[in-house]
Amino acid sequence: MKDLLLVTDLDHTLVGDRQALAHLNQTLQTLRSRINLVYATGRSLAGARQLQQEDGLLEPEGWAT
């Protein structure tokens, strides 16, 4: 059972600084067994998935669009 939930927006939060995102991804990877990751966005799911692919965002447990 995961004991933490991280819900975050994409635009102006996770994307825009590739170096910082790479560091965050590394940190989250080490904690994946404890964290449920959810992306919240005003984008369509297709647009959010495209951004995920383009910017190298981790695969979340869920999406809130």
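This is a predicted model: local features need pLDDT of at least 70, side-chain atom pairs count only at pLDDT 80 or more; totals for chains, interfaces and linings use all residues.
Residues are numbered from 1 along each chain as its sequence is written, and side-chain values use heavy atoms, with hydrogens and water left out.

Colour by secondary structure next. The pattern along the sequence is β-α-β-α-β (DSSP runs numbered from the N terminus: helices are H or I, at least four residues; strands are E, at least two).

Select residues 18-31, helix 1. Its 14 residues should span 20 Å at 1.5 Å a residue, and the end C-alpha atoms are 20 Å apart, in agreement (the expected span is 1.5 Å times one less than the number of residues). Looking down the axis, the buried residues fall within an arc of 70 degrees, so they line one face (the arc is that of the directions from the helix axis to the C-beta atoms). These are Leu21, Asn25 and Leu28 (buried is under 20% relative accessible area, exposed over 50%, partly exposed in between; 1.4 Å probe, protein chains only).

Show strand 1 (4-9), strand 2 (35-40) and helix 2 (45-55): the buried residues of helix 1 pack against them (contact means heavy atoms within 4.5 Å).

Turn to the face away from the buried side, where Gln19, His23, Gln26 and Thr30 are exposed.
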